[in-house]
Structure formats: C-alpha cells, structure tokens
Amino acid sequence: MHLANNQYVIQNTPVLDLCNEFETPLYVYDGSKIEEKVNILKSTFSDVNMKIKYACKANTNISVLKLMKTLGVELDVVSPQEIQLGLKAGFSPKQITFTSSGVSFDEIENSVENDVLVNIDNLPTLEKFGEKYGNTVPVMLRIRPNVVGGGNLKIMTGHKDSKFGIAIEQKDQILALVNKYNLDVVGLHQHTGSDIKDGQTFVDAAKVMLELAFSFPDLKYMDFGGGFKVSYKEGDAITDMAGLGKILTQEFKTFCTKYGKELELWFEPGKFLVSECGYLFAEANVVKENPTFTLIGLNTGLNHLIRPMMYDAYHEVINVSKPTQAKDTEYNVVGYICETDDFAKNRMMPSADQGDVFCFLNAGAYGFTMASNYNSRFKPAEVLIYKEKVHLVRARETMEDILKNQILVEL
Ligand code: LLP
C-alpha cells in the first residue's frame, strides 16, 4: 500500500474503493508482495537446492495457497484440515509435509493415507509409526535443538522447556527406534520460533541439526523451519537475509560434501511470506474523548486481529481517510468487543472523525487464521489483488454461518 495522488492504493486500486465495494472490516492481500518475498527467499538461497514449504497456518485462504503453488512454493501443514485445504488448492500430496505436534495417531494415519510426508515430534508416536508402517513409509523427525530464539516466550519453540519436537538429548532413543523398526528417516526438522531477528540463531540451530544428520544415512531433506523476522514499523530490525544466506549456504554445502550427498534445504516461513502482504481495514464507530486520553473505537476487535492482545504485537495503524493530514493528535485505538481489546496506544495520527477508515499493517500472517466468532460477530471478507486484478476470495460471514451446526432443542 502506498500513496499515489494523495490517496492510498494497493496495486493502483484505491483502498477506499475496496472498502466501499466490500465493506469493512476487510482483509486485503497484495499478491505482488507475496511474489516479491518468495523471490527474495529463492535468490537468498540460490546456491543450494532450497525448497520453500510455506507454513500455511499463517494464512490458509485457498486462493493464497493457490498463489503460493503458482509461485513454486510447497506447503507445511499442521492439521488434517490444512492437508485438505492444500489439496483443494491444487498441491500434490508430495508437495505437502504434515508437521505434527502432539496429534492423535489417527491424524498420522490420515496423513499417510493421503500420501503426505509425516514429521513426527515425539517418541511414543514414532514407536507406533514403526509398529504400523516399519520402513514402508518414509518419515521425518522434528527435533528440539535447545536453541533459544523468537520474539517472545509465547512464540519460542526450540528451547529446552518447549513442548515441541524430540529433545536432541534423546538421540540414542531415537536411533534405537529407527533401528528396531528399520525406519526410513528421510528428513530432519527443527523450528526455533517466530520473529527471530538474529541470523545467528538460525545458524546455531542448523549446526545442531547438521551434526545430528550424520547419524541418519538416508536423508533427503533438512528442514530448518521458519521464523524470519519481518518489519512491523519503519526502522524495525529484521533478519539479515543476505548475511544469513551466505553463512547457511556455506555451512550446508560443507555438510553435503561431508555427508556425501546433496540434500534439499527446506524452510517453512509463514510471516516472511505473508505478514507484510496483508491489510485489515476497519471503520471508526466512535471517536471518544476521555479526560486523559482520546480513543478511536473501530468496527473490529480481538475477534479479527488478536495479535496485539495475545502477544503485545505492534501493528502500524493508518488513517487512510486522512492520507495527507498532519499526525498531530494522540489516540488509543480499540476494538468493539466486550473485553479490553486495545490495538494500539499513544499513537500520533491525523485528527480522526467517526467513519474514517483505518488500516492495520502486517495483517497477512496470523490475522484471519486466528480470527474467531467471539461476541457472535461475523468474520470479515478477504480480498486478494494479483496482477492488478481484485478478487474476492472469501465472502463475509452471515447469520447462517453463526447458526450453522447449532441445534435449538425442545426443552
Ligand atoms: N514451522 C513451524 C513448525 C511452526 O510452528 C511455525 C509457526 C512456522 C514454521 C512459521 O513461523 P513464522 O515464519 O510464521 O514465524 N501466532 C503467532 C506465531 C505463531 C507461530 C506458530 N508456528 C504470531 O502471530 O506471532
């Protein structure tokens, strides 16, 4: 989104036109931004056999998934439902990996039945897998490397107190199961966390994994997870992709030479690919003066974008109805849910009026996918703009959606 002729546009479409046509609250995704991010990642690792496995939990709209497929990206999924969405979007089962975390064995079986590679995160499930499939079905192992990384405790997954993965200290137990069932371990996986600024964290985790890899002679894939930090505001620190690309490429090439085989290097980014492509538009229901602060109350809330409340995440908020006015007034921006759902505090913005349209940046990842029907409100519509064409990719919910599956009984 940028200013052109004193109005905000996304790929030449004025955003206020989008809001008029599709109404607010509205999620809009800029497909060209996704394409740009895919290309950055591809060129960063162009010297190794790198594959992008988009962590689709970040944004599972099937048209976004389809765009990913068109761009040569594959999928990392975490539920049977995400497998189905991936297949529906046109991915072949071979392009999908099911990274399970403490799921029921039914879901592992479901993945195998769908011909989707399973990534197992605990020893009891690995044992069951061995009992049932032996070496007839390839498997990946999710390892917890005991590396600390991520923007806050809630989104750190690779440290020793995390629930995720099989602890690296349990290497002997893993190998015992692999030998007992002659398991066909084709890949090792780790994911340290989300919003990881420091490239060294990726290198540290990679080193742990590459050392472990020598204990598994038939690997095809090394999966270093996702977690690249994107920018949420001007001047924000982000993962130095170019620097990381150089170091990891070198490490990986040296490893492959020693290992005696060129493996595929996988990443599973979510935010890196879709955070910055997404915008949530909402309207001011009220501008409310209080003795000590003024708030802008929007027609959205934690039901549509929970990241500020759940992680104290910073999202830039722009009054797109006042594109050129001076930012001379301080506001708190809040939602309309009957809970404290503060989006932003003490932000300098143009003087606001009821009916002004506001835009949240970085709304493409973990925005809609974490939305709910709390307060029995509808989830917003979603629009994808690609090659300057505007596509409605999800209709706004209606009362029928709220009542669907509810049963009014005779009492
Ligand atoms: N791979 C695995 C196994 C993951 O669990 C995740 C995210 C990713 C990849 C992608 O991470 P990303 O590149 O998006 O950082 N809802 C939180 C983030 C939770 C991430 C969960 N796992 C947020 O909005 O900050």
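**Exercise 1.** Determine what share of the contacts in the chain with a separation of 6 or more comes from residues 24 or more positions apart.

*Solution.* Take a contact to be heavy atoms within 4.5 Å; among the contacts in the chain with a separation of 6 or more, residues 24 or more positions apart then account for 67%. The model is a predicted one, in which local features need pLDDT of at least 70 and side-chain atom pairs count only at pLDDT 80 or more, while totals for chains, interfaces and linings use all residues. Residues are numbered from 1 along each chain as its sequence is written, and side-chain values use heavy atoms, with hydrogens and water left out.

**Exercise 2.** Describe the secondary structure and the overall dimensions of the chain.

*Solution.* Begin with the DSSP runs, where helices (H or I) need at least four residues and strands (E) at least two: the chain has 12 helices and 21 strands. Next, the radius of gyration, taken over C-alpha atoms, is 23 Å, close to the 22 Å of the globule rule (2.2 Å times the number of residues to the power 0.38) for 411 residues, so the chain is as compact as a globular protein of that length. Finally, along the principal axes, the C-alpha atoms fill a box of roughly 70 × 60 × 40 Å.

**Exercise 3.** Locate the domains and characterise their contact.

*Solution.* The domain assignment, which is automatic or from a database, gives domain 1 (2-28 + 275-403) and domain 2 (100-269). Their C-alpha centres lie 36 Å apart, and the contact takes 8 residues from domain 1 and 9 residues from domain 2.
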